[in-house]
There are 2 protein chains.
Amino acid sequence: MNEFAAIARLFAPLAAAEPGALGLLDDAALVTVAPGTQLVITKDVIVSGVHYLPDDPASLIARKLLRVNLSDLAAMGARPRAYLLGLALTKPVSESWMEGFAAGLAEDQESFGVTLIGGDTTAYDGPTVLSLTALGEVDLGRELRRGSAAVGDRIWVSGTIGDSALGLRALRGGLASSSDADRAILADRYHLPRPRVDLGQRLAGMAHTAIDVSDGLLADLGHICATSGLGAAVRIQAIPLSAPAHTAVALDSALMDDVLAGGDDYELLFTAPADADVELQALSRSLDLALTPIGIMQAGRTLRLLDRDGTPCPLPKRTGWTHF
Amino acid sequence: MNEFAAIARLFAPLAAAEPGALGLLDDAALVTVAPGTQLVITKDVIVSGVHYLPDDPASLIARKLLRVNLSDLAAMGARPRAYLLGLALTKPVSESWMEGFAAGLAEDQESFGVTLIGGDTTAYDGPTVLSLTALGEVDLGRELRRGSAAVGDRIWVSGTIGDSALGLRALRGGLASSSDADRAILADRYHLPRPRVDLGQRLAGMAHTAIDVSDGLLADLGHICATSGLGAAVRIQAIPLSAPAHTAVALDSALMDDVLAGGDDYELLFTAPADADVELQALSRSLDLALTPIGIMQAGRTLRLLDRDGTPCPLPKRTGWTHF
């Protein structure tokens, strides 16, 4: 498959709606930014066999690649806008794989209102490595940051935590005691993150900080603590679990480490002053998305996990994903 | 080596000058764009063993990665501004390699006035794959495009062509008849592109089109022809060669294919109306950079190569790099 033919047939249609993409025919793309607005830009890399399974369908890989980046935009409170691809593909490149990949992008472009505007593709003798640069925009001063938590802030999390890590375990043949239906639900959460882009935009003015849960709940809360110069206490019983995750943990309590440290959740973890409680509960209803308070920001630099009766529990040995 | 420690120690200093980088501690970077200005954004991927040699010094790899992207900005007439990295590194990641890589970036940040603002790093069992997203800016309407050549435009090229492809050949043990000094000069051109960022910015208002020569002289001229819906005639004797390239081709005329189709030159190829000749010659003197007219844009869709007496020569079998 010829690179330029692939770009023209599969990728150029994904760029058709954005004049600044220049039909993917130029050296670079042009982006204009409205006055009072700032661009938000993020770049993630996912690798076959590390961040997804080599046999995962190409369309799901494409959607995961896009969504993990949209999740970063969500954590900044940004509106998604456009993206660039950087693909290093295992040789030989299969046309059907490329078609599936482009179809996945097309589907999610529709869902999230983003457009391809540029990138680069190459093929080589090695595992597929995919990078994506996502652009969003946010009004000046309305961005959500990590370093602005205050003592007494409640710690909130969207959706449910741990499904993706448990889903990966299921895809690798684990969770034998769970039902097929449960394993399928969890696997789906591994394959297809739900970036909380609506929530992120609505949190501006309510939340003090936000981060997306990608490295692991405790690791990402650790990032908020480190950047804000604070500590935190999390009530382990308050962490929201889906029904399949709840069942899996009830059958094997060691799986709670997957929940706390597994990562790949792509939910938003954020802190907000207590007087935002009512507004956040209304927001949860309006988005039809669970928002759950799980702890509190404190002075000091310690991250503590508390049992039902307030007794400190040991932290898992691995608190989150490290990439090296 | 821990990922977060590497970011803090080696990469955060590269981001210190740009507040929007948020110290590389947040989910994304913030970029403001001045009124009347548009952002120019490009993304290239380079792979160990494909775009550089696995044993090349890390600092040179870093600088090449940055420079090939700056060359794309140059071809749009943009001022370089900032960049994001996406690194998939062969495990285990050596600390000295990372230090060399960061040192190379630091050196070129200084030279080109750019700042690191974000990115992602991962390590895995495979060849190192490096992607970079470069941001520049250009005044509205002043960008250089590929598709706006006119019949009768002269075709110009900066610097000399073919050095990089011949340098790669020398690094692989070829060019045995050339002197050590010649091989070293050519190898240096392979290792370290000179993106023509000053030239690109000065061409706005003079040139009708521009592209950087990365795929190969004929292939990239072919991109201008295809996008502009025109043909071109190039006088083969007019193509500017460095002294070492001239010697190599004189010793082995088959090496002329490397010049025409080898690529990786990162010179600017541009077209301009004949009445810009004097201004372009003055620009060449002011930048101390050779600008050489090599041909003319014509009606039709054919790319022709002409010998000294105007006789058509055969095109090389391979007119340029294809990535798949």
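1. Starting with the dimer contact: 55 residues of chain B touch 55 residues of chain A (contact meaning C-beta atoms, placed from the backbone, within 7 Å). Keep in mind that this is a predicted model, where local features need pLDDT of at least 70 and side-chain atom pairs count only at pLDDT 80 or more, while totals for chains, interfaces and linings use all residues. Residues are numbered from 1 along each chain as its sequence is written, with chains lettered from A and ligands numbered from 1 in the order in which they are written.

2. On the chain B side, elements giving two or more residues include α1 (3-11), α2 (58-75), β3 (79-90) and β7 (209-212) of chain B. The largest share, nine residues, is from β2(B). Helices (H or I, at least four residues) and strands (E, at least two) are DSSP runs, numbered from the N terminus. By class, this side has 28 nonpolar, 16 polar and 11 charged residues (nonpolar: Ala, Val, Leu, Ile, Met, Phe, Trp, Tyr, Cys and Pro; charged: Asp, Glu, Lys and Arg; polar: the others, Gly among them).

3. Within chain B, helices α5 (residues 180-191) and α8 (residues 243-251) pack at about 115°, axes 9 Å apart (axes are lines fitted to C-alpha atoms, for helices over the stretch in contact; angles run from 0 to 180 degrees between N-to-C directions). Asp182(B), Ile185(B) and Leu186(B) of α5(B) meet Pro244(B), Ala245(B), Thr247(B) and Ala248(B) of α8(B). That contact has five nonpolar, one polar and one charged residues.

Notes
Two residues are in contact if their C-beta atoms, placed from the backbone, lie within 7 Å.
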